[in-house]
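Welcome! Here is a short tour of the structure shown below, with its helix packing, sheets, ligand shell and backbone details taken in turn.

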Amino acid sequence: MDFYNERTKDLQQGLIRAMFDKAAPLTGVISMGIGEPDMPTPAPVCQAGKEALDKGITHYTPNAGLVALRQAIAEQSSVKNVGYHPTEEIIVTNGGMGALSLLMAVILNPQDEVIIQDPQWLNYVAQVTYYGGVPVRVPTSGQQHFVMQPAEIEKRITPRTKAILINSPNNPTGFVVPQSVLEQIAEIAKKHDLLVITDEVYNTLLYSGEPYKSIAELPGMKERTVVINSFSKAYAMTGWRIGYAAGPASIIKRMTICQENFNSCANAPGQYAAIYALRHPELSEELRGVFADRRRVLLDGLRRIKGFSFEEPDGAFYVFPSIAAFGMSDLAFCERLLEEQRVVCIPGSAFGACGAGHIRMAYTVNEDLLRQALERIEKFCSSLG
Ligand SMILES: Cc1ncc(COP(=O)(O)O)c(C=O)c1O
């Protein structure tokens, strides 16, 4: 008897997991493969969660999340300039991923197309496919910082196109979509009556000094944009599973009904911790400071090793250099680097065909480990001759 839904059979484990599986039996491995902050959640945020538990906050919350948290998101998060109604236009979810999957469940009919960058974090592709949609990948190149070019997006629009998905700062590249490109994407979305999904989970991790601007802030975009965000990367809160979506009331309402039926609500004490976090942006700025120092160490170190080629990414905690000069595939490079020097990096082709010839390096290890990893990488690269 085959108990399985056909669509789950198409879900693949992916190359990231495969690299972790290869690393698992080895000792002394330094992992630059992990896409989450390694530091603990700031102590006062944990304290806020503990206090909630001690007060008996261990029950369901409203399906869309605590009103106080939605208010804090409307007033204090990075979408405050867009002006969202806290109880009609915001939903609190199980991480950013929870928001994305509810959104896909709500918007996609069979064969609906969603425009997605290549290379790109692949969970989007999995979710769109699972809900019956078709991911339409837009090829990008390193010369353009792997940013989807508006003309390339427009070429791929069909009567079935439902949404354009952007992720800036980007996983896996760390690059930010320039304002002029956001403006052109906004025009395309308006012209073709499309939804824009903007995943902004890395938007506190910007190193240029420029403030983050969401595409939702552009004229005429609030009504056709869903912003996805989360506390995971900004406050080292991946395990708390608190994220949110902000967008048109009708979409948020349907997502809330889905959440009621699928998983009820996000965890209650975590929502209290998130309120505290939003009221203390300095905690997130401290994390950014740590990542900024590590970024410098990694970029300077990579520059000293002959063969890597890259431009400095503006955000997140990833660098996505080309390894083409070493004359081997990104997969072979990562496998041999792991076997010979015990450092995990992720092959760029894990994120789509356009990622081939690159590797994703996450600076989610402390500076000491980062320096050790760089030494090992240097040894590996010089052994390649
Ligand atoms: C681009 C991007 N969006 C969303 C997420 C989801 O994060 P979470 O569900 O922990 O909020 C991740 C996690 O790696 C990510 O890289």
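Helix α3 (residues 43–54) packs against helix α10 (residues 268–279) at an angle of about 140°, with the two axes 8 Å apart. This is a predicted model, in which local features need pLDDT of at least 70 and side-chain atom pairs count only at pLDDT 80 or more, while totals for chains, interfaces and linings use all residues. Residues are numbered from 1 along each chain as its sequence is written. Helices (H or I, at least four residues) and strands (E, at least two) are DSSP runs, numbered from the N terminus. Axes are lines fitted to C-alpha atoms, for helices over the stretch in contact, and angles run from 0 to 180 degrees between N-to-C directions.

**Helix α3 with helix α10**

- The angle makes α3 and α10 oblique to each other; under 35 degrees counts as roughly parallel, over 145 as roughly antiparallel, 65 to 115 as roughly perpendicular and the rest as oblique.
- The crossing of α3 past α10 is right-handed, a term used if the near helix is turned clockwise from the far one by less than a right angle, with anticlockwise being left-handed.
- On the α3 side the contact involves P44, V45, C46, A48, G49, A52 and L53, and on the α10 side A268, P269, G270, Y272, A273, Y276 and A277; residues are in contact if their C-beta atoms, placed from the backbone, lie within 7 Å.
- Sorted by class, this contact of α3 with α10 holds 12 nonpolar, 2 polar and no charged residues.
- Ala, Val, Leu, Ile, Met, Phe, Trp, Tyr, Cys and Pro count as nonpolar, Asp, Glu, Lys and Arg as charged, and the others, Gly among them, as polar.

**Helix α12 with helix α13**

- Helix α12 (residues 330–341) and helix α13 (residues 367–383) have axes that come within 10 Å and cross at roughly 110°.
- α12 is therefore roughly perpendicular to α13, and α12 passes α13 in a right-handed crossing.
- From α12, L337, E340 and Q341 meet R376, I377, K379 and F380 of α13.
- The classes in the contact of α12 with α13 are 3 nonpolar, 1 polar and 3 charged residues.

**The two sheets**

- An open sheet of 7 strands has the order β2-β8-β7-β6-β5-β3-β4, with mixed pairing; two strands pair if DSSP finds at least two bridges between them.
- β2 (90–93) and β4 (134–139) are at the edges with a single partner strand each, so one side of each has no neighbour in the sheet.
- Within this sheet, neighbouring strands are turned by 25° against each other on average, direction ignored.
- Strand β6 (residues 195–199) and strand β7 (residues 225–230) run parallel and are joined by 4 bridges, and I197 has V226 in β7 as its bridge partner.
- Helix α9 (residues 249–262) lies across β2, β7 and β8 (243–246), and runs at about 30° to β2.
- Another open sheet has 3 strands in the order β9-β12-β11, with antiparallel pairing.

**Around the ligand**

- Of the 13 residues around the ligand, G95, G96, M97, S230 and S232 come nearest; a residue counts as near if its C-beta atom, placed from the backbone, lies within 6 Å.
- Helix α5 (residues 95–107) gives the most to this shell, with 3 residues.
- The shell has 3 nonpolar, 9 polar and 1 charged residues.

**Backbone details**

- The S168 to P169 peptide bond is cis, with omega near -10°, and N171 and P172 are also joined by a cis peptide bond, with omega about 25°.
- P169 sits in the loop between β5 (161–167) and α8 (179–191).
- A236 is a residue other than glycine with a positive phi, near 50°, and A236 lies in the loop between β7 and β8.

Notes
Contact = placed C-beta atoms within 7 Å.
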